[in-house]
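I opened my notebook to write down what I could look up in this structure, entry by entry. I wanted to keep each term beside its cut-off as I went.

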Amino acid sequence: MKHLEFIDGGHFEQNYHRRWAKGSLSKYIDFCWETDFGQLLSKYPEGFSDVLFPNIGYTYLVNLSTPFVMQLADNHYEVKSGGFLPRHRFITCHHSVGNHFFGIKFRVCPVLFQKEVDFSEYKASIFPLAYLVEKQLVDRLKNAASFSSRVSLVFNHYANLVEKHEASLRYVEIVTSILNHFDAASTNDITVEQLATENGISKRTLQRYFQMTTGFSTKPALQTIRMRRRCNV
């Protein structure tokens, strides 16, 4: 099947639903999203491809319908039920009629407070890792009647976990405050050493915090933010 490839700056705004997390939950989750391809696939019934720019964090995908294909470099992966998607590289998604899926874009590693996982090892593929999200939650997401219902399920579930564990996650607070500063700043001349000093920790400790939460060391994580801001994505 031939897929159409195109560049459209408004594509992800027009053909995806998106709901941003708020309050304390926004330290851990950027947003939930869901495909809305009905009109687009009626216009291009042979299918189309879109590209995700590199980002920090990870996405957990839940397939709500037919299998779809994702591509990292030259490797193609058929996603049937869902998967854990590292956002460190360009990712091409190939979409066909019938595709419908939902995602949770985690700003930092999603299960810090439940399971010991070295997320820095997960960068070069799409991983099943179904256990990272509770099966009961995934089943409820698949059976929910709407995007709004799925968002409520996710936000309520993780808000409860954050409330339970947040006091022990000061290192997440440090990393997310730095990320938020770099998201908003027009210039970022501060060094990693200065960031560490401002937060009362060593450079080595700050590097470890970034690896634990984003899978990146400090400098590559901040460079990724700069690149996305320049590209306005």
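**Entry 1: Arg19**

I began with Arg19 and set aside its neighbours within four places in sequence; among the other residues, Arg19 is in contact with Phe31, Cys32, Phe147, Ser148, Val151 and Phe155, where contact means heavy atoms within 4.5 Å. I noted at once that this is a predicted model, in which local features need pLDDT of at least 70 and side-chain atom pairs count only at pLDDT 80 or more, while totals for chains, interfaces and linings use all residues. Residues are numbered from 1 along each chain as its sequence is written, and side-chain values use heavy atoms, with hydrogens and water left out.

Arg19 is found in strand β2; helices (H or I, at least four residues) and strands (E, at least two) are DSSP runs, numbered from the N terminus. Is Arg19 buried or exposed, or something in between? Arg19 counts as partly exposed because its relative accessibility is 33%, given that buried means under 20% relative accessible area, exposed over 50%, and partly exposed in between, with a 1.4 Å probe and protein chains only.

I then looked up its partners, and found that a polar contact of 3.1 Å joins the side chains of Arg19 and Ser148. A polar contact is a pair of N or O atoms within 3.5 Å; within protein, one must be able to donate a hydrogen and the other to accept it, and residues adjacent in sequence count only if both atoms are side-chain atoms. Arg19 and Val151 are 132 residues apart along the chain, yet their C-alpha atoms are separated by 7.3 Å.

**Entry 2: helix α4**

Val151 belongs to the buried residues of α4, which also include Phe147, Leu153, Phe155 and Leu161. The buried residues of this helix pack against β2 (16-20), β3, β10 (101-106) and α3 (135-143). I checked the length as well: the 19 residues of α4 (residues 147-165) should span 27 Å at 1.5 Å a residue, and the end C-alpha atoms are 27 Å apart, which agrees. The expected span of a helix is 1.5 Å times one less than its number of residues.

**Entry 3: Thr35**

Thr35 is found in strand β3 (residues 29-35), and I recorded it as buried because its relative accessible area is 5%. Its side chain reaches the backbone nitrogen of Phe101 at 3.1 Å. Leaving aside neighbours within four places in sequence, the contacts of Thr35 are Asn15, Tyr16, His17, Asn99, His100 and Phe101.

How many of the residues of strand β9 are buried? I found 5 of the 5 residues (91-95) buried, so the strand is largely enclosed by the rest of the structure. In a regular strand the side chains alternate between the two faces of the sheet. Ile91, Cys93 and His95 point one way from β9, and Thr92 and His94 the other way.

Strand β4 (residues 48-52) and β9 pair in the antiparallel sense over 5 bridges, and the bridge partner of Asp50 in β9 is Cys93; two strands pair if DSSP finds at least two bridges between them. Strand β6 (residues 68-72) is joined to β9 by 3 bridges, also antiparallel, with Gln71 opposite Thr92.

I looked at two cysteines too: Cys93 counts as buried because its relative accessibility is 3%, and Cys32 is buried with a relative accessible area of 0%. A search of the whole structure finds 0 disulfides, a disulfide being a pair of cysteine sulfur atoms within 2.5 Å.

**Entry 4: Ile225**

Ile225 lies in helix α8 (residues 218-231) and counts as buried because its relative accessibility is 8%. Beyond its neighbours within four places in sequence, Ile225 is in contact with Ile56, Leu179, Phe182 and Asp183. Leu179 and Phe182 are among the buried residues of α5.

**Entry 5: the whole protein**

Of the contacts with a separation of 6 or more, 73% are between residues 24 or more positions apart.
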